[in-house]
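I opened my notebook to look up the aromatic rings here.

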Amino acid sequence: MTNVIILGPPGSGKGTQSKILVEKESFFQISTGDLLRKTVESGSEEGSKIQRIMENGELVPDEKVIEMILSEMATNNSKKFIFDGFPRNIAQAKALDNAFKEKSMILDFVILLEVKLDFLENRIKSRIAESDPNNVRKDDNLETLNKRLSVYQKITYPIIDFYEKKNKLVRIDGMDSIECVTEKIIQIIN
Ligand code: ADP
């Protein structure tokens, strides 16, 4: 049973690659971004709080995202997981470690999609241009992107070192074509 984390800055292609791996390799995708967007759509009071945090490009409190992750893992027991957008800080990484230990599961690979900053800006611009105008992600604008990038560099970046020390980290050039990145990931996990 292979379990993988896809790591990388906003716009690096984590979601795109995870969805392809669900199709091609039968992974079960756990995307905190997607789960949070669902909570926002539910229109609850909690949803509007989360919406404000996401629109500011900040991190939703650990308590909430960890609870979501644990519940997804519990209800989809014995699937092979691909984590996308989680963990995003050391506390989340440690919580995931504990969850794996408790379930006697193994984290096999942390795949880091490396993409240069100016590339990310262009990607987000094209994502906005390609979106249905009524359905552009509220956090897909250059101001929020800059905030998301700075959160990534300050808060998420340290988990690269955390997984490198555990010998789990594999770096991939995320600036290659989508097909090429998928190909490399499949080679690594098999
Ligand atoms: P991206 O990877 O392009 O930034 P995501 O869909 O993964 O997009 O995340 C969008 C937003 O959702 C983040 O900017 C953050 O506000 C929130 N979010 C997603 N995952 C987490 C997480 N693990 N912890 C805290 N906040 C999160």
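I start with a charge and a ring. The charged end of Lys80 sits over the ring of Phe27. I read 4.6 Å from that charged end to the ring centre. I keep in mind that this is a predicted model.

Next I look at ring pairs. How many aromatic pairs does the structure hold? I find 5 aromatic pairs. I take Phe81 and Phe83 as one of them. Their ring centres are 5.8 Å apart, and their planes meet at 45°. Stacked needs under 30 degrees and edge-to-face needs over 60, so I log this pair as tilted.

Is Phe81 buried or exposed? Phe81 has a relative accessible area of 1%, so I note it as buried. Phe83 is buried too, with a relative accessible area of 0%. The cut-off for buried is under 20%.

I move on to Phe83 and Phe100. Their ring centres lie 6.0 Å apart, with the planes at 55°, so this pair is also tilted. Where do the two residues sit in the chain? Phe83 is in strand 3 (residues 81-84), and Phe100 is in helix 5 (residues 90-102). They are 17 residues apart, so I record a link between distant parts of the chain. Phe100 is buried as well, at a relative accessible area of 4%.

Last entry: I follow the ring pairs along. They link Phe28, Phe81, Phe83 and Phe100 into a cluster.

Technical notes
Residues are numbered from 1 along each chain as its sequence is written. This is a predicted model: local features need pLDDT of at least 70, side-chain atom pairs count only at pLDDT 80 or more; totals for chains, interfaces and linings use all residues. Side-chain values use heavy atoms; hydrogens and water are left out. Rings of Phe, Tyr and Trp (its six-membered ring) pair if their centres lie within 6.5 Å; planes under 30 degrees apart count as stacked, over 60 as edge-to-face and the rest as tilted. Buried means under 20% relative accessible area, exposed over 50%, partly exposed in between (1.4 Å probe, protein chains only). Helices (H or I, at least four residues) and strands (E, at least two) are DSSP runs, numbered from the N terminus. A charge sits over a ring if NZ of Lys or CZ of Arg is within 6 Å of the ring centre and within 35 degrees of the ring normal.
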